[in-house]
Protein chains: 2
Amino acid sequence: MKRYSKITLKNIAESLGISISTVSRVLAGKSEKYRISTKTAERVRLEAQRTGFHPNQIASALRLKRTHTIGLIIPDISNPFFAAIARQVEMEAAKRGYFIILCDSRDSTDIEIEYIALLQARSVDGMIISPVGTSGEHLIALRNAGVPVVLVDRFFPDLPIPYVTSENRSGAFDAVTNLVNHGHRRIACVRGIFGSSTADERLHGYREALKQHGISFDAKLVAGDDFSYDSGYTATKKLFSTASSAPSALFSQGILITFGILKALEEMHISIPEDVSIISFDDHYYTAFLSTPLTTVAQNKESIGEHAVKLLFRQFNRGVDKVTEGVLIPTTLVERNSVGTLQKTLKKFGRDKPSVSKRNRCQNKNKITNERV
Amino acid sequence: MKRYSKITLKNIAESLGISISTVSRVLAGKSEKYRISTKTAERVRLEAQRTGFHPNQIASALRLKRTHTIGLIIPDISNPFFAAIARQVEMEAAKRGYFIILCDSRDSTDIEIEYIALLQARSVDGMIISPVGTSGEHLIALRNAGVPVVLVDRFFPDLPIPYVTSENRSGAFDAVTNLVNHGHRRIACVRGIFGSSTADERLHGYREALKQHGISFDAKLVAGDDFSYDSGYTATKKLFSTASSAPSALFSQGILITFGILKALEEMHISIPEDVSIISFDDHYYTAFLSTPLTTVAQNKESIGEHAVKLLFRQFNRGVDKVTEGVLIPTTLVERNSVGTLQKTLKKFGRDKPSVSKRNRCQNKNKITNERV
DNA sequence: TTGTAAGCGTTATCAG
DNA sequence: CTGATAACGCTTACAA
């Protein structure tokens, strides 16, 4: 690959008959600091302009040990949630004169670890990572090596690594509460991957809501094993395999899961919200246009991206050890048409007897909120 | 920002009591070429392993003038079409040991131009660009400067810059033909931004299909001015403002446009496919789950991304001037339920279309929440 | 007010 | 087989 001849400080210095340092100084905006004569300064600037000079960032990076680059490692850029975060991160970085190197870990811890090593070799100034694994040792090592790191979406509660994510617990709580308020009591949770803070917190919120409303937790109503379409599909088939134990409402932990659910329900001729209600995490531009406009828990992706960059720059300025806090971004429940009241559901689905009796039993035990049907 | 102490060739050389060059040579896998003794080679490798040495890519880049980095400039990473391309580009690049720097031009030529300059200063080895403007002068300049460039999605027919995009013309042709085969003759085209090859070619295919079926072209049936939600919304309102001239079918040039259309139609209580048929460019994982599962023209995003990287590497190997060809990726028409026969449409829609007058007055732009589209 | 020179960490050339 | 040494293009003490 032939390279075009680049203009360098040396070129300019020579054609002006002055030294490289002088050129460097005025072009770095330090003419005052070094009290360069306005005349030479002007000459330099003109020549730079004329030749279209742009300082070689590689050389600068080598000398300064700052690349003005941050690595962004996410599990899947074609997932609109991460795409939105990436966009915001890119914008915030650009604002500050930084570039981002995009790394798609394809949901693999191995790839993530490899990328981290590669990015380190590239001397990125910091990394924003949405980690996929259940262990964060490699991230600790990274931080110990002095590399500023911010986690997004998923994090490790026990590790002192700054993170920014949604208020997953309360988001889930709100969703499930909404379902309960519509009379549902057999509510299933289709969860994401085990060991991820995101899935764990959402499950936690689900359980809290159940508890608060006097509904006992039933492990059989928790299904799914990752955030994928397939997981949602399989989980749904399983949940509805026995009519008597089928849920009347579903809480889906992610939009991809939801599509799997939708597909499974369609195949089983179960319709929403007549036969079953559903609330899904993640709101996107198309959720309102789906066959049944979905009630969702919207995450503020822009805010997440923005705070991630902020936390990273705070580390640039104050040092890595000085910042360990996490930030939680509120979610909002967006109500649309995928939730119906239990009454209607029962009528249509026609399996009122068994589930009702169960429900009554639960109510009698410890009912906290007033049930409105 | 304090930097951690990195292991360098020098470190290893010193602790082993040998020269830097030797270390460099074995670690670069050139032990054989330089006939390094297996013993020293082994010692070096061990020490490198032990210390966790990774060659500093910045220094290497400065010396070699190869950064193993490619710049990717796209109009909007949160648009799933571009996200999918980005993903593929990232994967193909990674396969070859390259990183990508992600630049979101936010549909602005100015930002695009600025990014190009910045990426040049960073000495990226090449760029993959989805240009936003109607002029490609800056791209020619870039190529003349010796930088390998590949255009994706949009290109400039008159300029000798390699590109890869869908067979937009035949894709549009197929879509419109399908509409015609369902009996439609008043078919509107909601187009993307003027001057973009993408929109122009799709319009071209639309006109060709019309012509082939003996339908005369009516400029009033072409609406829209960019690929956005708003454009689709406004265009649709306009198209249906006069009952007598309203189309019975719509050909939408992009999925975002389509959502605008969907919203507008919903507001006007026009339903699909009973009242109006629609075929949209772009197929995504959710298109089958929309209120009416959409018939679409699917683009092979993976293939586009893959070929873009290929064309770029061909330039790396053969030189920039040696590759100027474009590649066209076939599209496929995915039939779902958004197209009905004209017969039915007329029957249901009726001659009089009472809702039309209402529509005109109902101009209060009802802001759909703050959903970015 | 300006210049000299020493690096930053690699790689390549030239000598041994 | 191995070692000096000179770049790559920039920044910044230290001189002058």
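In this predicted model, A:Leu102 stands opposite B:Ile100 in strand E2 of chain B. Strand E2 of chain A (residues 99-104) and E2(B) run antiparallel and are joined by three bridges. Two strands are taken to pair if DSSP finds at least two bridges between them. Helices (H or I, at least four residues) and strands (E, at least two) are DSSP runs, numbered from the N terminus.

Residues are numbered from 1 along each chain as its sequence is written, while chains are lettered from A and ligands numbered from 1 in the order in which they are written. Because the model is predicted, local features need pLDDT of at least 70 and side-chain atom pairs count only at pLDDT 80 or more, whereas totals for chains, interfaces and linings use all residues.

**Contact between the chains**

In total, 47 residues of chain B are in contact with 44 residues of chain A, contact meaning that the C-beta atoms of two residues, placed from the backbone, lie within 7 Å. On the chain B side, two or more residues each come from H4, helix H5 (80-95), strand E2 (99-104), helix H6 (109-121) and helix H11 (255-267). H5(B) provides the largest share of that side, seven residues. By class, the chain B side comprises 28 nonpolar, 10 polar and nine charged residues. Here Ala, Val, Leu, Ile, Met, Phe, Trp, Tyr, Cys and Pro count as nonpolar, Asp, Glu, Lys and Arg as charged, and the others, Gly among them, as polar.

**Surfaces near the DNA strands**

For DNA strand D, at least two residues each are supplied by helix H1 (9-16), H2 and H4 of chain A and by H2 and H4 of chain B.

**Helix H7 of chain A**

Helix H7 of chain A (residues 137-144) has A:Leu139, A:Leu142 and A:Arg143 as buried residues. Viewed down the axis of H7(A), these residues fall within an arc of 95°, so they line one face of the helix. The arc is that of the directions from the helix axis to the C-beta atoms. The buried residues pack against helix H6 (109-121) and strand E4 (149-152) of chain A. On the face turned away from the buried side, H7(A) carries the exposed residues A:Glu137 and A:Asn144. A residue is buried if 20 or more other C-beta atoms lie within 10 Å of its own, exposed if 12 or fewer, and partly exposed in between, with C-beta atoms placed from the backbone. After H7(A) comes A:Gly146, whose phi is positive, near 95°.

**Sheet of chain B and domains of chain A**

Chain B contains an open sheet of six strands in the order E7-E6-E8-E9-E10-E12, with mixed pairing. Strand E7 (222-223) and strand E12 (331-334) stand at the edges, each with a single partner strand, so one side of each is left without a neighbour in the sheet. Strand E10 (residues 295-299) pairs with E12(B) in the antiparallel sense over four bridges. B:Thr296 has B:Val334 in E12(B) as its bridge partner.

The domain assignment of chain A, whose bounds come from an automatic or database assignment, gives domain 1 (9-55), domain 2 (62-165 + 301-329) and domain 3 (168-300 + 333-349). Taken over C-alpha atoms, the centres of domain 1 and domain 3 of chain A are separated by 64 Å.
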